[in-house]
Amino acid sequence: MSRTRIARRILAGALLTAGLVAVPTTAGAAPAVPAAATPQSAATSLSPEAAALSADPNTALERFWTPERIAAAKPADRGVTPEEVRSTAQTSVLGALDVPGESPVVGGPGEATTFAGATGTSWPARHDWVSLTNGKVLFEDNGLWHCSGVVVSTEARNTVFTAGHCVHGGKGGTWHDQNWTFIPDYYYGDRPRGTWSARQLWALNGWINDSDNGYDVGAAVMHPLNGQQLMDVTGSQGIRLNGPATPSVWHFGFPLNSPFDGEDLITCDGATSRRFVITGDLKLACTMQGGASGGAWLADFNQSSGYTVSVNSYHVGDDLTQIYGPYFGDGAKNLYDSVRNLT
């Protein structure tokens, strides 16, 4: 065999391992997807203290999450050691999928224009499409915890995407299924679009069974509020699955690391790279960290909407200048397909 053919085979194998090329399959045969890319789910519950506040879960959690409790919530921060970073990524044999965002009924496209770069910058508008679709996540599990999340377009109109570690503790852990809450358009205690309770949480086996960073993505299916689904009130951001390997993005969250206080929507933007040359998680220069977990990475962002292509996942060691997120491949597609019609 010629050296050229050997080189081509080596490159093809490397790209397949990274999940960056589609794999031809025999007609009628299902593409091979690893078990790590399959999802599990769990129903949520109210703590006894929250349940005593109201029989309605939304009302109960609106009352439970007082300003004092929100201030006491700790960031579900993930600082991993260099040894814990793996050179793996989600496969991408299931094909690309783009679902656009939907403009909110109230709020409309934003007028703000900002240049964020790698230093976390406060999003300059309120009640616009960006603020409405990004929100604060809160839950209780041996303490009070804080993450971020984004409303993504689904037929069911009730879905928040976030980090896997914001819904499940990973290998050896349990579901974070108590008092799980999403507050869109949050700003220093203001909740103009209400307090929304989750009824079901979803995560991928790769995260649940092995704490694999490449599968650190989760979803929450939310209860209706006042007869409306979440998207009816907030609109949504789009979602892109099995897209380009290293997109340029804007990303969002409610970080708690200094100088941030978790009360304001923060953004960075820039080109992504891979933690490893071909395989591994997406990497972005940004100073937002703890509490921003689960916040959206939006590609093709037009200052109002974009396509969710990852979520904030972890930082490495003490380096708070870089943030990492999983590539949205087959695992994210299986997760999305599992929740998109859950009315």
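The model is predicted, and the chain has 343 residues, of which 55% count as buried. Its secondary structure comes to eight helices and 20 strands.

**The chain as a whole**

- Strand S15, made of residues 273-274, is joined to S16 by two bridges, and the two strands run antiparallel. Within this pairing, arginine 274 stands opposite leucine 282 in S16.
- S16 is joined in turn to strand S20, which covers residues 322-325, by four bridges, again with the strands running antiparallel. Here lysine 283 has tyrosine 324 in S20 as its bridge partner.
- In a regular strand the side chains alternate between the two faces of the sheet.

**Strand S14 and its partners**

- S14 pairs with strand S5, residues 121-122, in the antiparallel sense over two bridges. Threonine 121 has threonine 267 in S14 as its bridge partner.
- S14 also pairs with S13 in the antiparallel sense, this time over six bridges. In this pairing, phenylalanine 252 stands opposite threonine 267 in S14, so threonine 267 is named both as the partner of threonine 121 and as the residue opposite phenylalanine 252.
- The loop between strand S13 (248-253) and strand S14 (266-271) holds proline 259. The peptide bond that leads from serine 258 to proline 259 is cis, with omega near 10°.

**Helix H8**

- Helix H8, which covers residues 330-339, has eight of its 10 residues buried, so the helix is largely enclosed by the rest of the structure.
- The buried residues of H8 are Asp330, Gly331, Ala332, Lys333, Asn334, Leu335, Tyr336 and Val339. These buried residues pack against several strands, namely strand S1 (39-43), strand S4 (97-99), S8, strand S10 (196-204), strand S11 (218-222) and strand S12 (238-241).

**Tyrosine 307 and aspartate 300**

- Tyrosine 307 is placed in strand S18, which covers residues 307-311. Tyrosine 307 and valine 99 are 208 residues apart in sequence, yet they are 7.7 Å apart in space when taken from C-alpha to C-alpha.
- Leaving aside residues up to four places away in sequence, tyrosine 307 touches Asp98, Val99, Pro100, Gly238, Ile239, Arg240, Trp297, Leu298, Ala299 and Asp300.
- Aspartate 300, one of the residues that tyrosine 307 touches, is found in the loop between strand S17 (296-299) and S18. Aspartate 300 has a phi near 50°, which is a positive value in a residue other than glycine.
- Aspartate 300 counts as exposed because its relative accessible area is 53%, and the cut-off for exposed is over 50%.

**Arginine 157**

- Arginine 157 lies in the loop between strand S7 (144-151) and strand S8 (159-162). Although arginine 157 is not a glycine, it has a positive phi of about 65°.
- Arginine 157 has a relative accessibility of 22% and therefore counts as partly exposed, since buried would need a value under 20% and exposed a value over 50%.

**The largest pocket**

- The largest pocket has a volume of about 160 Å³. Its lining is made up of Pro75, Ala76, Asp77, Arg78, Phe139, Asp141, Trp145, His165 and His176.
- By type, the residues that line the largest pocket divide into four nonpolar, two polar and three charged.

Terms used
Residues are numbered from 1 along each chain as its sequence is written. This is a predicted model: local features need pLDDT of at least 70, side-chain atom pairs count only at pLDDT 80 or more; totals for chains, interfaces and linings use all residues. Side-chain values use heavy atoms; hydrogens and water are left out. Contact means heavy atoms within 4.5 Å. Buried means under 20% relative accessible area, exposed over 50%, partly exposed in between (1.4 Å probe, protein chains only). On a 1 Å grid over the protein atoms alone, a cavity is a set of points where a 1.4 Å probe fits but cannot get out, and a pocket is an open set with protein on both sides within 12 Å along at least five of seven lines; lining residues have an atom within 4 Å of a point. Grid points are joined across faces, edges and corners, and a volume is the space filled by probe spheres set on the points. Ala, Val, Leu, Ile, Met, Phe, Trp, Tyr, Cys and Pro count as nonpolar, Asp, Glu, Lys and Arg as charged, and the others, Gly among them, as polar.
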